[in-house]
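Let's take a walk through a protein together. Have the sequence and the 3D view ready, and we'll go one stop at a time.

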Amino acid sequence: MKHPLRTTTALAALAVTGIVPLALTTPASAAPSGLQGDFNGDGYRDVAIAAPAATVSGKSWAGQVAVVYGTASGLDPAKRTVISQNTAGIPGGAETDDMFGDALAAADLNRDGYSDLIVGAQYEKTGDRDEHAGTVVVVWGSASGLKGATTVKNPQPLPGSYFGLSIAAADFTGDGKPDLAISAQSDSGTSPFRIRLVRGPFTKSGSTGAVSSYAPGVDRPQLIAGRVSGDTKADLVVTGLKPTGDQPLATAVYYRGTASGLSKAASLRPGWAAAIGDLNKDGYGDIVLGNPAEPDTEPSASKGGKIHVIYGTGSGPSATRRVTYTQNTAGVPDSSAYGDRFGQALAIGDFDKNGYGDLAVGARGDSEAGSITLLKGSPSGLTTTGAVRLTQDSAGIPGTNEWGDGFGSTLLASDVNRDGRADLTAIGVGENSPAGAAWFLPQAAATGSFSFSPTKLGLSTSQGGAFGEDLAG
């Protein structure tokens, strides 16, 4: 392949609020639900799965996105939409190495009650010379699902700007209009990677609010949004690499949302992945950072990987209440081993409907096949009591552990079947390599779980290890 996959997985459920929404009780025939990730407004949240390595009309790595719609029984692979740049109504055209869909987000950008899908293609060529300038498009939700799209203007379409490297959608200014935070590279030599905040409202004609630019001091910045301080404004966590030295060092910074935009407020512990959610039900979003690296390649790492939990307060992330977990922590199933990559992927959702956010931790290299560890939230915060480890060898989980499966490489928590409990969508990026596969785990449990391959979504098996590289819903 021409382009390496992103080294950071920064996924979290409930990206807009960080709080698990209540189950919808309005009949599906009523007005659109307004739920994040409900692209057809029927009251069931849907899941978009990135397939950036997909071949389109003979163009390798042109990229597609498969959207699986939710039902009372969970995700239904037979009820789907597959989108590429050759789809009618989508701007541009499929080209080799565009990697359309390698960044995804979901929000109702035009406030019509239907969630919209935001799709990035950081390697998109624009014009005759702008190789890898990147593009971001909004695919609009409707009663019939996703249809039609509008390009988000790139404020600096330069060769190698990689606009759409990562995308987070939330109301950062608290005005009731969702905004987009988009990472890209600029022509600034002192701080080449930037975050562009494109304010809402968004319209199908392409108009938006004002655009602001921020220098996070992070290379290849990955973005995750959620409410940490508990006010009406979403905040932003940025993970990536420190821009100095030859050795890759993980870093994470926190931006607080304000009426005038984003305000850089705090440095966090080193992390590659991030999730935000309320683990102790105190009304403040807590930040979980994953560092799946090994100490010989990243000095702040631990053997097998680790996670940091930074609890939220009224003024943002706590400077003192920060707890680290590894697979060697008492109560955490299994034990740390080189190459486990514990913390590769993170997702927070209320899986047991007790009001506390619970945490799913992916370890794509665990036992060389991958695992998911479930840790519960409680009044005192994250607890290892009752922790569960799931693999393909767990009773009820389809499949069998095989070398390189990567089970748990990407995670998304969202209430798909409308029962008031978050469900877990998990990716095994190396399952039946190079195809990959997805699993749907109702309430993040083995019972009732099922898996589906790219072919069930109308995609080819030639996914190059990139199927499910990002999820949104």
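**Charged pairs and a covered strand**

D231 is partly exposed, with a relative accessibility of 23%. Keep in mind that you're looking at a predicted model. So who does D231 team up with? Its side chain meets that of R256 in a salt bridge, 3.4 Å from N to O. R256 sits in strand 14, while D231 is in the loop between strand 12 and strand 13, so the pair ties together parts that are 25 residues apart in sequence. R256 is partly exposed too, at 23% relative accessibility.

The general idea is simple: side chains of opposite charge can pair when their charged atoms come close. How many salt bridges does the count come to? It comes to four. One of them joins K79 and D42, whose closest N and O atoms are 3.6 Å apart. K79 belongs to strand 3 and D42 to the segment before strand 1, so this pair links parts that are 37 residues apart in sequence. K79 is partly exposed at 32%, whereas D42 counts as buried at 12%.

Next, find D334 and R389, which meet in a salt bridge at 3.7 Å, N to O. Together with D366, D334 and R389 form a network of salt bridges.

Finally, visit strand 1, residues 47-51, where five of five residues are buried. V47, I49 and A51 point one way, and A48 and A50 the other. Strand 1 pairs with strand 2 in the antiparallel sense over five bridges, with A50 opposite V65. Strand 1 also pairs with strand 28, again antiparallel, over two bridges, and there I49 stands opposite L471.

Terms used: Residues are numbered from 1 along each chain as its sequence is written. This is a predicted model: local features need pLDDT of at least 70, side-chain atom pairs count only at pLDDT 80 or more; totals for chains, interfaces and linings use all residues. Side-chain values use heavy atoms; hydrogens and water are left out. Buried means under 20% relative accessible area, exposed over 50%, partly exposed in between (1.4 Å probe, protein chains only). Helices (H or I, at least four residues) and strands (E, at least two) are DSSP runs, numbered from the N terminus. Two strands pair if DSSP finds at least two bridges between them.
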